[in-house]
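Here is a short briefing on the structure shown below. Keep the sequence and the 3D view open while you read.

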Amino acid sequence: MAVYEHLYNAYEGAPQSAAARFLVIPRYALREVFRSKLMTTFFILCFVYPLVASILVYLHHNANALAMLRINVRELLPIDASFFLTFLEIQGGFALVLTVLVGPPLISRDLSNNALPLYLCRPLSRTEYVLGKMAVLGLLLSSMTLVPGLLIYIFQASLAGFDWLTANLWMSGAIVGGFAVWIGLLTLLALAVSAMVKWRVVASGALLGLFFVPGAFAGIINSLFLTKAGNLISLWSSTISVWSGLFGLFEREAGTVRARVGGQIVDLVLIEPPLWASWLTIGLAGAVCVWLLARRVRAYEVIK
Amino acid sequence: MTNVIELEQLSVTFGKRPILKALDGALKGRAIGLLGPNGAGKTTLIHTLLGFHPPTSGTARIFGRDIAADAKEVRATVGYMPEQDAFIAGMSCVNFVRLMAELSGIPARHALERAHEALFYVGLGEARYRPVDSYSLGMKQLAKLAQAIVHGPKLIILDEPTNGLDPPTRSRMIALIRQIRDGGRARILLSSHLLRDVEECCDEILILKDGSIAANCNLEEERRANRKFIELETRGGDRLAFAEAVGGLGCEYALSGERRLKLILQEQIEIGDLYRLALEKGVQIRRLNYKRDSLEEIFLKAMENEGLTESVGVNGRAVNGGL
């Protein structure tokens, strides 16, 4: 129908598939995200460390380049589990900042102007709506964590040879698992905060607060009681423990501290909480987020 | 005419508070008016039909599809214009309507074209690139209508579409609704507390009161039936003899006051027959009015006495109460 023919007409073409319909939400949201130059610039910055890590891997296996740069192989970082754990920690930090920038308006924008009924009166369930919003962060975060991590792993494997690959195949699982846990946690937290707080700035603050406030409390508890048990309330510390566990680098003894006990100065060994407790912390945080989303993402709130 | 909405013992309870109480009935009009005082359950009924609230018991069907079992199929055939503001801040209207079209299942390549068409259709063509949050109230209402019709639904649910509109914008909205109704490609369910809106747009009404159906009648049939109800004002002659003669034709009648005569005209009786009898009895007919049960009267009667459904008939009450 031409636009000058102002008539009501039904759509008679073929409808798109459910899968294509599911991708509508992330497609529109990502278009909005990259309309901001600041966001685009930051997103590009997120690839600086993967680039540095790839150069390190390359140098590690290129004797000529090392000779030209007069670098001793022993001085370079070993390309092992700790190399990839460091990669997870750095990119995980960037992922947190990206989540704080992108996450808050995802649901709050729809809630603040009552747009949810318009989504949910269409052939789209609440679960699909939330999954669509999760896909926005999931795609963004995966592209700057999981994908470069795996590419560097493949790059290292291609340079180190088949023996290294077979000996370190488990590491690919650790990279995927570690990032999947982090991306899942960040996504759920961001959406839950977005569903609870309508103002973007407040939501961003709340999201950062979820990491830094418990982290600060954990530090205080650890210092006061000469323990590491406080780490259990810190999502970041719990995630680090989980990552270390996945890379086989988790140790419960986290160093010693000199303290006065019964008038004598002794060295106390600080014990990290068990690994399962860190998994439990992350799992509980995720479950609370899912519960909040189930309560808040409704077309209309029913007052009983 | 096929049933648009079928209600089958539909009940909805929030906590321990019953909101809809075992609603039963079939609505088949081209444009169905949903009326009722505040808190009657109009919006809850709409939300339940859209799947926002699960029925506590019973069910409903839209075009024969169960609202619970075939929720997605039902929602694919429905367009919904909510009562309050509903838009995505910062998004241009054309993009907003396009997004809604795509979510309804229209492929991306057609959705933009449909969005432009819908916005031109409702009269927002010139303003379609502006963000919806910069619109006036009337424009926001039209934008909501555009998103409700962009995918060409078979049933358009309009919740208080003329709320807060100035007279010209209201007229425009009513004209659009009537145009869609007369086009015959979509049925309309119009919820409003403004009887005039419903009277102008709808051919069937469902009146709710305290979560129950207080009346369900076909306005077109009402209007046709009301043509049989006549009120005469007479002067002089033998009024009683004239009334008896009218009764002799098989018409029910009732005398009221000194000059008035109300009667129900039988199918085979013409107005000319009344004039002939009046002449014979020396009675002057000074005024002849067809009784017209306005929607307001139907509504008020329904509010007085719930359970007034089509099986009983609003006419029945008019006969008892009026004659």
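Which residue forms a salt bridge with R61(B)? The partner is E6(B), and the closest N and O atoms are 3.7 Å apart. This pair links distant parts of the chain: R61(B) sits in strand β4 (residues 57-62) of chain B, E6(B) sits in strand β1 (residues 5-14) of chain B, and 55 residues separate them. Keep in mind that this is a predicted model.

**Chain A overall**

- Chain A has 15 helices and two strands.
- Its C-alpha trace spans about 85 × 60 × 35 Å along the principal axes.
- Of the 304 residues in chain A, 45% are buried.
- Among contacts in chain A with a separation of 6 or more, 72% are between residues 24 or more positions apart.
- Chain A exposes about 15200 Å², and 67% of that comes from carbon and sulfur atoms.
- Chain A carries 21 positive and 14 negative side chains. The centres of these two sets lie 10 Å apart.

**Chain B overall**

- Chain B has twelve helices and 15 strands.
- The C-alpha atoms of chain B fill a box of roughly 75 × 45 × 30 Å along the principal axes.
- Of the 323 residues in chain B, 54% are buried.
- Among contacts in chain B with a separation of 6 or more, 68% are between residues 24 or more positions apart.
- Chain B exposes about 13300 Å², with 47% supplied by carbon and sulfur atoms.
- Chain B carries 43 positive and 42 negative side chains. The centres of these two sets lie 3 Å apart.

**Salt bridges**

- Side chains of opposite charge can pair when their charged atoms come close.
- The count is 20 salt bridges over all chains.
- One of them joins the side chains of K72(B) and E128(A), at 2.6 Å from N to O. K72(B) lies in helix α2 (residues 71-76) of chain B and E128(A) in helix α9 (residues 126-144) of chain A, so this pair joins two chains.
- K72(B) is partly exposed, at 30% relative accessible area. E128(A) is also partly exposed, at 22%.
- R61(B), the residue from the opening question, is partly exposed, with a relative accessible area of 22%.
- R235(B) forms a salt bridge with E233(B), and their closest N and O atoms are 3.4 Å apart. R235(B) is partly exposed at 22% relative accessibility. E233(B) is buried, with a relative accessible area of 14%.
- Elsewhere, R30(B), R181(B), D182(B) and D203(B) belong to one network, joined by salt bridges that share partners.

**The antiparallel sheet in chain B**

- Strands of a sheet pair through backbone hydrogen bonds, either parallel or antiparallel.
- Four strands of chain B form an open sheet in the order β2-β1-β4-β5, with antiparallel pairing. The edge strands are β2 (17-27) and β5 (65-66) of chain B, and each pairs on one side only.
- β1(B) and β2(B) pair antiparallel over seven bridges. Within this pairing, L10(B) has L23(B) in β2(B) as its bridge partner.

- Strand β6 (residues 78-81) of chain B is covered on both faces. V78(B) and Y80(B) lie on one side, G79(B) and M81(B) on the other, and all are buried.
- β6(B) runs parallel to strand β7 (residues 155-159) of chain B, and four bridges join them.
- Y80(B) has I157(B) as its bridge partner in β7(B).

- H47(B) is found in helix α1 (residues 42-49) of chain B.
- Is H47(B) buried or exposed? H47(B) is buried, because its relative accessible area is 5% and the cut-off for buried is under 20%.
- Beyond its neighbours within four places in sequence, H47(B) contacts Y300(A), F52(B), H53(B) and Y80(B).
- Y80(B), one of these contacts, is also one of the buried residues of strand β6 of chain B.

Definitions and conventions. Residues are numbered from 1 along each chain as its sequence is written. Chains are lettered from A and ligands numbered from 1 in the order in which they are written. This is a predicted model: local features need pLDDT of at least 70, side-chain atom pairs count only at pLDDT 80 or more; totals for chains, interfaces and linings use all residues. Side-chain values use heavy atoms; hydrogens and water are left out. Buried means under 20% relative accessible area, exposed over 50%, partly exposed in between (1.4 Å probe, protein chains only). Contact means heavy atoms within 4.5 Å. Accessible areas come from the Shrake-Rupley method with a 1.4 Å probe; for residues, only the protein chains shown count as cover. Lys and Arg count as positive and Asp and Glu as negative; His and the chain ends are not counted. The place of a charge is taken as NZ of Lys, CZ of Arg, CG of Asp or CD of Glu. A salt bridge is a side-chain nitrogen of Lys or Arg within 4 Å of a carboxyl oxygen of Asp or Glu. Two strands pair if DSSP finds at least two bridges between them.
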